[in-house]
Amino acid sequence: MPGNPALTEATYYILLSLHKPRHGYGIMQQTEELSGGRVRLAAGTLYGALNTLCDKGWIVLKTVDEDNRRKEYQLTDKGREILINEVKRLKELARNGEMILGEEL
Amino acid sequence: MERKTITKWFWVWQFEDEEKWLNEMAASGWVLESVGFCRYTFVRCEPGAYTVRTEMRPYDEQYVRFMEETGAEYVGRMMMWIYFRKKTEDGVFDLYSDIDSRISHLDRIGKVLLAIGGANLLIGVVNSFNPGARVGWVNLLCATLLMYGLGRIHGKKEALEKERELHE
């Protein structure tokens, strides 16, 4: 596929949250905070997305503490690259919107 | 603690109605405590203190632990349906927050209906040609009902897919 297919909002915010390693609930909180409460990830949606992202190799799962079996997710180099390309794509969208609707915004 | 058990039947395509009913019970001061076959046991709670959610998902211990980490409480499971509740003071509680994951939930339900419906159809047809077995029609009836359920689930899925054409 030419260029980069657009990421969903959920994928975008999950990858962005994992700029720093976090566990599942941490990703939900970070996403809500970053988006000013606009984007909320429900646990079932997040769980499915995390498994898919792990399968794709965009993030990895690390067991932090064997005792409480708490797991943290971390962005991989591939994931970081995809995130950077997405930010570029979003910039283009915003730039064109501003160029055409500039005065109305 | 005051408890009560209610026997109630929901068809598989009525899972949203079931969830709505469970939340109406919670709003009136009865929160789901355990589930059985068509049996729901409730315990007294502050009216509106809980949100209850249900979904079809093969049992996955990792998933239950993940949910618990986010503050949800595992209530129980019946067949492939799993029930959670969460205190309303701990925030909004939903299982799915985008169209894609709602569609994949419906796909999971559809696959199970298709598998059970297909098996019943096969058994029904085989039994109909077997003069010794007289219960083939029961399987055919089951198959018809399950296929009807599949149609209802498919209808819900189509509505979501239409919505997805415009936004996630």
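**Exercise 1. Classify B:E33 by accessibility, then find its salt-bridge partner.**

Step 1. B:E33 has a relative accessibility of 27% and counts as partly exposed. The classes are: buried under 20% relative accessible area, exposed over 50%, partly exposed in between (1.4 Å probe, protein chains only).

Step 2. The partner is B:R3, with the closest N and O atoms 2.7 Å apart. A salt bridge here is a side-chain nitrogen of Lys or Arg within 4 Å of a carboxyl oxygen of Asp or Glu.

Step 3. B:R3 lies in strand β1 (residues 3-7) of chain B and B:E33 in strand β2 (residues 30-36), so the pair links distant parts of the chain, 30 residues apart. Helices (H or I, at least four residues) and strands (E, at least two) are DSSP runs, numbered from the N terminus.

Step 4. Check the arginine. B:R3 is partly exposed too, at 47%.

A note on the model: it is predicted, so local features need pLDDT of at least 70, side-chain atom pairs count only at pLDDT 80 or more, and totals for chains, interfaces and linings use all residues. Residues are numbered from 1 along each chain as its sequence is written, chains are lettered from A and ligands numbered from 1 in the order in which they are written, and side-chain values use heavy atoms, with hydrogens and water left out.

**Exercise 2. Describe the salt bridge of B:R108 with B:E55.**

Step 1. Take the distance. The closest N and O atoms are 3.5 Å apart.

Step 2. Locate the residues. B:R108 sits in helix α3 of chain B, and B:E55 in strand β4 (residues 50-56). They are 53 residues apart.

Step 3. B:R108 is partly exposed at 22%. B:E55 is buried at 0%.

**Exercise 3. Work out the surroundings of A:S17.**

Step 1. A:S17 belongs to helix α1 (residues 9-17) of chain A. A:S17 is buried, with a relative accessible area of 0%.

Step 2. Leave aside neighbours within four places in sequence. A:S17 then contacts A:R22, A:I27, A:Q30 and A:T31 (contact: heavy atoms within 4.5 Å).

Step 3. Look at A:I27. A:S17 and A:I27 are ten residues apart in sequence, and their C-alpha atoms are 5.8 Å apart.

**Exercise 4. Characterise the interface of chain B and chain A.**

Step 1. Count residues. 18 residues of chain B touch 21 of chain A.

Step 2. Take the area. About 1,600 Å² is buried, and carbon and sulfur atoms give 50% of it. Buried area is the accessible area (1.4 Å probe) that two parts lose on being put together, summed over both.

Step 3. Find the main contributors in chain B. B:F66, B:E69 and B:E168 lose the most area to chain A, together 35% of what that side buries.

Step 4. Count salt bridges. There is one between the chains. A:R40 and B:D94 meet in a salt bridge at 3.3 Å, N to O. A:R40 and B:D94 are also linked with B:E19 and B:R53 in a network of salt bridges.
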